[in-house]
Amino acid sequence: MGEDPARRSIGARRNPDSAEAILEAAEAVLVEAGYAGFSIEAVARRARAGKPTIYRWWPSKAALLLEVYKRQKRVAVPDTGNLEDDLVGFLQNLFSHWRDTSSGSVFRSLIAEAQSDEAAAVALTGYADGRRSHTARIIERAKARGEVAADIDAALVADLVASYAWKHLLTNRLDEDEMAIHTTVGYVLRGISRNR
């Protein structure tokens with residue numbers, strides 16, 4: 001029986017049709033079997049692709065999970081001219097995306113994988129560093145408007161925002177209402193000292 005030309009490998013460079021089939025298969029396996037049932041073997045069977053092809057393009061299960069997550073993630077970052085509203089809107093959009101798509105489940109799976117797999121930990125750290133700088137740009141934008149002190153460490157504020165988001169993801173509490181998010185962001189931005 002002849003090989004399906006849409007599945008034919010073209011060496012180290014990805015064949016777009018094959019890559020798309022593999023990513024779609026990975027998403028489907030995650031949705032149907034969850035993290036516990038996710039494996040390169042299951043993805044290969046569903047995509048009708050060879051395991052060597054998958055490993056050539058994604059050197060680990062974590063790398064494949066991360067690409068599935070990145071291709072699903074579409075979270076709008078508001079630019080309202082007000083830092084508190086920007087951060088609240090961003091968190092609402094993020095929680096909604098994690099809740100209403102399989103993206104939250106994928107990211108939880110990646111975090112779980114990172115606990116016991118060094119490649120996953122490295123992949124997650126690299127991704128988190130990029131997201132940290134992305135969120136820090138919201139803070140830097142506010143600095144340029146004069147909303148925040150010039151010496152504020154934007155990356156550290158981004159970490160505080162991310163820790164709040166990740167906690168809600170990992171405990172599956174993505175239905176936080178707008179007022180609760182506003183309160184949290186207010187604490188981050190104004191601090192909790194009596195003298196604020």
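1. Is Tyr69 buried or exposed? Tyr69 is buried, with a relative accessible area of 0%; buried stands for under 20%, exposed for over 50% and partly exposed for what lies in between, with a 1.4 Å probe and protein chains only. Tyr127 is buried as well, and Phe107 is buried at 1%.

2. On the basis of these notes: this is a predicted model, in which local features need pLDDT of at least 70 and side-chain atom pairs count only at pLDDT 80 or more, while totals for chains, interfaces and linings use all residues. Residues are numbered from 1 along each chain as its sequence is written, and side-chain values use heavy atoms, with hydrogens and water left out.

3. Aromatic pairs. A pair of aromatic rings is described by the distance of the centres and the angle of the planes. Rings of Phe, Tyr and Trp (its six-membered ring) pair if their centres lie within 6.5 Å; planes under 30 degrees apart are stacked, over 60 edge-to-face and the rest tilted. The count by this rule is eight aromatic pairs. Tyr69 and Phe107 are stacked, at 4.4 Å centre to centre with 15° between the planes. This pair links distant parts of the chain, with Tyr69 in helix H4 (residues 61–72) and Phe107 in helix H6 (residues 103–114), 38 residues apart. Helices (H or I, at least four residues) and strands (E, at least two) are DSSP runs, numbered from the N terminus.

4. What is the arrangement of the rings of Tyr69 and Tyr127? Their centres are 5.6 Å apart and their planes at 85°, so the pair is edge-to-face. Tyr127 sits in helix H7 (residues 118–145), 58 residues from Tyr69. Ring pairs join Tyr69, Phe95, Trp98, Phe107, Tyr127, Tyr164 and Trp166 into a cluster.

5. Salt bridges (a side-chain nitrogen of Lys or Arg within 4 Å of a carboxyl oxygen of Asp or Glu) number 15 in the structure. In one of them, Glu32 meets Arg46 at 2.9 Å, N to O. Glu32 lies in helix H1 (residues 16–33) and Arg46 in helix H2 (residues 40–47), so the pair ties together parts 14 residues apart in sequence. Glu32 is exposed at 56%, and Arg46 is partly exposed at 44%.

6. Arg145 and Glu147 form a salt bridge with the closest N and O atoms 2.5 Å apart. Arg145 is partly exposed at 33%, as is Glu147 at 38%. Salt bridges with shared partners put Asp79, Asp86, Arg141, Arg145 and Glu147 in one network.

7. The largest pocket has a volume of about 240 Å³. On a 1 Å grid over the protein atoms alone, a pocket is an open set of points where a 1.4 Å probe fits, with protein on both sides within 12 Å along at least five of seven lines; lining residues have an atom within 4 Å of a point. Grid points are joined across faces, edges and corners, and the volume is the space filled by probe spheres set on them. Of its 18 lining residues, Arg131, Arg132, Thr135, Ala162 and Trp166 lie nearest the centre. Six lining residues, the largest share, come from H8.

8. The second largest pocket holds about 170 Å³. Its lining includes Asn82, Leu83, Glu147 and Leu189.
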